[in-house]
Amino acid sequence: MKHAFLLAGALAGAFFLGAQAPQTTAVDQAALLADDPAPTLDAYHLFTDAGGRVANAGVVPYALNTPLFSDYAEKFRYVFVPPGKKAQYTKDGVLDFPVGTALVKVFAYPADFRKPNDKVRYIETRLLIHKADGWTPLTYVWNDAQDKAELKLAGKRVPVTFIDPHGATQSIEYGVPNANQCKQCHSLSNVVTPIGPKARNLNGDYAYAGGMENQLVHWAQIGILSGAPDLASISRLPRWDDASAPVDARAKAYLDVNCGHCHNDKGLASNSGLFLTYEQPDTAVRGIMKPPVAAGRGSGGLFYAIVPGHPEQSILLYRMQSTEPGVMMPQIGRTLSHAEAVKLIRDYIAEMPAK
């Protein structure tokens, strides 16, 4: 959806910057680090209101240049770094967050995407909590009254109906992931790790109370990030939907975020030999004229991941377009095909010189 990450960031910022409820309780760091997860989201005091709209002190909103696609859900992101601690800048990979950090991601749908600020329904809030023994993923599902989110380790199917930006009604069975599915997507060398908050994906402006400011600069100024070099030396992941950026760069950014967390040499799809991280320089490894490791119905009878100049012959595009279990890619996190991204990848392959 065009500029969806900007919309999500604006909405999150609106909730964050709105009328603050009296803050009588700080974020409960003991609850975040406890062995047993809290049964309801409010136990952590990450928000000051029952509906999870108003962030508590120290809970900072952020947005990603290119986010993961999840059936067009809007996402509101926040980070909590314990007072006195800082995340460390890393050139590659996610920032090095200290123990006690909580990454918060809310999945929501407005009733009508043409009126994105009206009747916004929260579906789930996911936490990634950095404990002493690693990152723990937790998912909390919101009730119909939108005043409580309960822990759902086994996942859940939630019927969702919304009007898309073109005025068409969409009805889906939104899939809240179970604990194993969370670990599957967030696995790197069999260790759970965040996906989105890399310096290059945070290197963009956000609408804070004092105005627009680069997120990495802001994080350093408020004392939750250290070690970042001069901003001009930090790479920036392109926005996948920025029509002013080259198609090649936008397509690689989209594949990095939506596919690269599994399709890399340390991910769950490492045995495929198809690596789609943004910085991957090897065109063959990126899929150019690369045959699949194991042919099957997932290949659609096609022979190569990407056939330059021929998107209709490319397995990668075929699997992106599919919504059939066992064929579609990604396998988790969507029931719909991302039409706008499919067009982007089609254009990306079509522009490659045919071999």
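**Interior packing and backbone details**

Modeller: Leucine 64 is buried, at 5% relative accessible area (buried is under 20%, exposed over 50% and partly exposed in between, with a 1.4 Å probe and protein chains only). Leucine 64 sits in the loop between S1 and S2 (strands are DSSP E runs of at least two residues, helices H or I runs of at least four, numbered from the N terminus). From leucine 64 to threonine 136 there are 72 residues in sequence and 21 Å in space, C-alpha to C-alpha.

This is a predicted model, in which local features need pLDDT of at least 70 and side-chain atom pairs pLDDT 80 or more, while totals for chains, interfaces and linings use all residues. Residues are numbered from 1 along each chain as its sequence is written, and side-chain values use heavy atoms, without hydrogens or water.

The largest nonpolar core has 36 residues (a core is a set of buried Ala, Val, Leu, Ile, Met, Phe, Trp, Tyr and Cys joined through side-chain atoms within 4.5 Å). Within this core, the residues that touch the most other members are Tyr109, Val160, Tyr174, Leu255, Met320, Ile345 and Tyr348. Two or more core residues come from each of strands S4 (102-110), S8 (156-163) and S9 (169-176), and from each of helices H6 (247-258), H7 (315-321) and H8 (339-351). H8 gives the largest share, six residues. A separate core of 25 residues includes Leu32, Ala38, Phe47 and Val120.

Valine 160 is one of the residues named for the largest core. Beyond four places in sequence, valine 160 touches Tyr109, Arg121, Ile123, Gln170, Ser171, Ile172 and Tyr174 (contact is heavy atoms within 4.5 Å).

The axes of H6 and H8 come within 9 Å and cross at roughly 130° (lines fitted to C-alpha atoms over the stretch in contact, with angles from 0 to 180 degrees between N-to-C directions). H6 is therefore oblique to H8 (under 35 degrees is roughly parallel, over 145 roughly antiparallel, 65 to 115 roughly perpendicular, the rest oblique). From H6, Val247, Asp248, Arg250, Ala251, Lys252, Tyr254 and Leu255 meet Ala341, Leu344, Ile345, Asp347, Tyr348 and Glu351 of H8.

Leucine 225 belongs to strand S14 (residues 225-226) and is buried at 3% relative accessible area. Apart from neighbours within four places in sequence, leucine 225 contacts Lys86, Ala87, Gln88, Tyr89, Leu95, Leu216, Trp219 and Ala220. Leucine 46 is 179 residues from leucine 225 in sequence and 20 Å from it in space, C-alpha to C-alpha.

Tyrosine 72 counts as buried, at 14% relative accessibility. Most residues other than glycine have a negative phi, and most peptide bonds are trans.
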